[in-house]
Amino acid sequence: MFKNQPKGLFALALANTGERFGYYTMLAIFTLFMQAKFGWAEDVAGKVFAIFLAVVYFVPLLGGWVADRIGYGKCVVMGMTIMFLGYAALVIPTNPDMTGVIVMLGGLLLVSLGTGLFKGNLQVLVGNLFDDPKYADRRDSAFSLFYMAINIGAMFAPSMAKWITNQHLSKYGFVYDAANMDPAYLEALSNSYSLCFGVAAVSLILSAAVYFGFRNWFKHADVTAKQTKEADADAVELTPKQTKDRITALLLVFAVVIFFWMAFHQNGSALTFFAKKYTNLSIHGGMRFGFNIWSLALIAASVYTGFATIQSKIAKSKIICGLITLVLWSGAIALFLGMPNPVAAQPSDFQQFNPFFVVALTPFSMAFFGALEKRGKAVSAPARIAWGMLVAAVGFGVITIASVGLISPMDLGDSTQSILSPSWLISTYLTLTLAELLLSPMGISFVSKVAPPKFKGMMMGGWFVATAIGNYLSQIPSQLWNRIPLMYNWGILIGLCLISAIVMFALLKKLNEMTK
């Protein structure tokens, strides 16, 4: 799994892990922050959330265009600096008035610009590592590992947000209560959420330390097409037709995945609203296991030591890895037994399940597709994307079943109907994660492999533009939240995922021919 990978992959992945930890700590409570501070309803908070996500993922197109000209590493550093200033602005205490809104929007704009310069270009650096023929056949597995590292940061983010929230509320004698509309409570709650933005600023400092500390491991990958041509006059260039075919293939994929991201990014809006309004946040019995982030972390780690136990060819290594696996499981069980019963959860807690599932299931995904490849039945990246869309539809089918018989938001108003077991949302996140593992890391790998050298930055930016459009469209369920029954809301997402899957399957032959 980790064998025969360039060490630059691990440095870049770790740098991205820190940045994503801060970003997702902020994202876990962003809609809740806007509701607590400004009193905005779900439709307004969802719209701002969607616009922010859209801008965050649209700007990489500009960042890629700049990086293709001045260098990827320079843009990564610029991006970290601008993001830090944006998060710092969000920490500034303000009143819940127009000035507060302006400061928040200014901070969000800086975070968006910084992310646009950082995110896509860091992934180009990763892709460039595999232009070396020595590592070329490891590209897909490398991006699966890289994607897993991103989700390690995301996995701990909701728990960090929850811990900060609880610590700050306790100073004022409060505990989290989704139904509490007392002004003093809401002020304390919004201030606690503001502190979460500070976590993002600190995490960027750690990411920068990793990036500069291990830069020698990947600096050889920080080259543009122009620099490569100057260094190697005999380098073979793509013909205009090859360039056109590759860009066409990428644009077709971009168009389809828009609807996946529209559906998938309900985690910070509609699915969070669902957790707040309909899910029983008093967690009893064995279900508590999933609400201790350290237990989840130990289980995720045990997956990797378990695979090492199986895959190791040395008896001593097998024994050591096996013992470590048992210790990790024992630690996870001990933490679970020490938990109170019941546990008081918060809506943002459910956002830790998606990254946990990504981290824990990545080795199984790699093993499955690796086995198919060895049997001569390799599944292409476009085919995995098509299957990912189909599985996403199934995921929203799960939450649709859970919604049968529930009072619609338009009739529920400000009250809650907290009757559903958390298992419904957890099952939804599990299914959506399976879809994500099929689609997202393979999509990034596909772009890094197929993009014409002259347009690597822009094409990686194009992947994020598709994500941006999907993120903007993700506001639709929030806009309809208080207007239509829940079943209709989820039905829209199921329909779009199914249509996208059908289109992708229809294009498979053409896409595979274009990329040969």
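A: Happy to. The largest cavity holds about 300 Å³ of space. Here a cavity is a set of points, on a 1 Å grid over the protein atoms alone, where a 1.4 Å probe fits but cannot get out, and lining residues have an atom within 4 Å of a point. A volume is the space filled by probe spheres set on the points, with grid points joined across faces, edges and corners. Lining this largest cavity are 23 residues, and Tyr-24, Tyr-57, Tyr-147, His-265 and Glu-436 are the closest to its centre.

A word on the source: this is a predicted model, in which local features need pLDDT of at least 70 and side-chain atom pairs count only at pLDDT 80 or more, while totals for chains, interfaces and linings use all residues. Residues are numbered from 1 along each chain as its sequence is written, and side-chain values use heavy atoms, with hydrogens and water left out.

Back to the lining. Several helices supply at least two residues each, among them H1 (7-28), H9 (240-264) and H17 (456-473); helices (H or I, at least four residues) and strands (E, at least two) are DSSP runs numbered from the N terminus. H6 gives the largest share, five residues. By class there are 12 nonpolar, eight polar and three charged residues, where Ala, Val, Leu, Ile, Met, Phe, Trp, Tyr, Cys and Pro count as nonpolar, Asp, Glu, Lys and Arg as charged, and the others, Gly among them, as polar.

The whole structure has three cavities of 30 Å³ or more.

A pocket is an open set of grid points with protein on both sides within 12 Å along at least five of seven lines, and the largest pocket has about 1,500 Å³. Of its 44 lining residues, Arg-138, Ser-141, Met-366, Gly-370 and Glu-373 lie nearest the centre.

Now for the packing. The largest nonpolar core has 158 residues, and Phe-30, Phe-52 and Trp-490 are among those with the most contacts inside it. Such a core is a set of buried Ala, Val, Leu, Ile, Met, Phe, Trp, Tyr and Cys residues joined through side-chain atoms within 4.5 Å; buried means under 20% relative accessible area, exposed over 50%, and partly exposed in between (1.4 Å probe, protein chains only). Leaving out residues up to four places away in sequence, Phe-30 touches Val-48, Phe-49, Phe-52, Met-104 and Leu-108, a contact being heavy atoms within 4.5 Å.

Aromatic pairs number 32 in the structure. Rings of Phe, Tyr and Trp (its six-membered ring) pair if their centres lie within 6.5 Å, with planes under 30 degrees apart stacked, over 60 edge-to-face and the rest tilted. Phe-174 and Tyr-185 are edge-to-face because their planes stand at 80°, with the centres 5.5 Å apart. Phe-174 sits in the loop between H6 and H7, and Tyr-185 in helix H7. Phe-174 is partly exposed at 22%, whereas Tyr-185 is buried at 0%. Finally, ring pairs join Phe-273, Phe-274, Tyr-278, Phe-396, Trp-481 and Trp-490 into a cluster.
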